[in-house]
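Welcome, and please open your viewer. This tour goes from stop to stop, saying what to select and what you will find there.

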Amino acid sequence: MPLSPGQWQKALAADSLQPVYLLAGEQLLVLEAADALRAQARKLGYSEREVLEVGQHFDWNDLARAAAGMSLFATRRLLDLRLPTGRPGIDGAKAIGAFCADPPPDVTLLITAMEWSNKHDGAWSKKLDASGAMVVFNSPRPDQWGAWLGARLASRGLTATPDAVALLAERVEGNLLAAAQEVDKLAVLHGEGRVDAAEMENLVADSARYDVFKLTDAAFAGDGARALRILAGLRSEGDELLALMGWLVNQLQLALRLANAPDFAAQAKAEHLWDSRAQQFRQALRRAPREHWLQCLARAARIDRMVKGREQGNPWQEAERLVAAIAEPRATRALA
């Protein structure tokens, strides 16, 4: 079974390495984990490292050749195989499987993949997991940002007041690399110690990265404040409201189909919703009846006419009211 990131930290401190590792997922976290493994390997006497970049014309026989190769200078070697897509293909799966079946002594294979989902998992990764260690690193969910930032600050000798952490989370929303860079910058500009909200305001740039998918996720999750903040961010970044409305209407129509379905689970499966997305819609439908989603769709159609100049009104203001109503049905009165 793949290790959790927490288990990975403990496993990394062991006095020996596994024959093979797969580190996959969010790029920043994978790169940092790989750096930590390379550092541990050097401590344990792995004095030679060979990098194999898997591109379009990569010859998977190179993996077997590298594993079988002898070094005149090193007794322990690290093979650093970079598999950006996380998909080794048939030949790659065979080559990795062969390595896992009979790993050479004093050779460790590190595979890093910057793309990963359940669809990437296969027989090859299961063999690898059974022979060594596999860790999938995901970006923190919105409700995990505060804890992740707190841990990141602590790793740089910093602490922050709760409102300062909340401000930092707001400024870097959805942008893990920006979050890491801002924490590093804080460590330089502020130095060790506790950061309050005023200091955070002065020292941290606004690096939030918004998109319409986060907007609908926040709205249907019932987080109205966040959804409105994302909508404001999209507007300030120059996004066209008409384009945003396309996805918003798509999700409202999905909500209505789910509301009309006699069997929610069957309809969610037919819509190919992931478990987390299905749960998000289930909770949204519990907050409001079918008529509410019909009303939201009618309001969306009105906004569309406003954007196209066929009806008077402020379309952005109406979009704010619509987003608030999706997140919090009690705001339906604002639609009147």
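This is a predicted model: local features need pLDDT of at least 70, side-chain atom pairs count only at pLDDT 80 or more; totals for chains, interfaces and linings use all residues.

**Stop one: a covered helix**

Residues are numbered from 1 along each chain as its sequence is written, and side-chain values use heavy atoms, leaving out hydrogens and water.

H10 spans residues 212-220, and seven of its nine residues are buried (under 20% relative accessible area with a 1.4 Å probe, protein chains only; exposed is over 50%, partly exposed in between). Colour the buried ones: Val 212, Lys 214, Leu 215, Thr 216, Ala 218, Ala 219 and Phe 220. Helices here are DSSP runs of H or I with at least four residues, strands are E runs of at least two, and both are numbered from the N terminus.

**Stop two: a helix pair**

Now select H15 (residues 290-307) and H16 (residues 315-327), which pack at about 165° with axes 9 Å apart. The axes are lines fitted to C-alpha atoms over the stretch in contact, and angles run from 0 to 180 degrees between N-to-C directions. That angle makes the two helices roughly antiparallel, a label for angles over 145 degrees. Which residues of H15 meet H16? Among them are Trp 293, Cys 296, Ile 303 and Met 306, and the H16 side includes Ala 319 and Leu 322; contact means heavy atoms within 4.5 Å.

**Stop three: the cores**

Next, show Trp 8, Leu 23, Phe 137, Trp 145, Leu 149 and Met 200, which touch the most other members of the largest nonpolar core, a set of 39 residues. Such a core joins buried Ala, Val, Leu, Ile, Met, Phe, Trp, Tyr and Cys residues through side-chain atoms within 4.5 Å. Helix H2 gives the largest share, seven residues. Another core, of 38 residues, lies apart from this one and includes Ala 255 and Leu 256.

**Stop four: two loop residues**

Finally, find Asp 106 in the loop between helix H4 (89-101) and strand E4 (107-113). Its phi is positive, about 65°, although it is not a glycine. Most residues other than glycine have a negative phi. His 272, in the loop between helix H13 (264-270) and H14, also has a positive phi, near 60°. Are these residues exposed or partly exposed? Asp 106 is partly exposed at 41% relative accessibility, and His 272 is exposed at 69%.

Note on methods. Angles under 35 degrees count as roughly parallel, over 145 as roughly antiparallel, 65 to 115 as roughly perpendicular and the rest as oblique.
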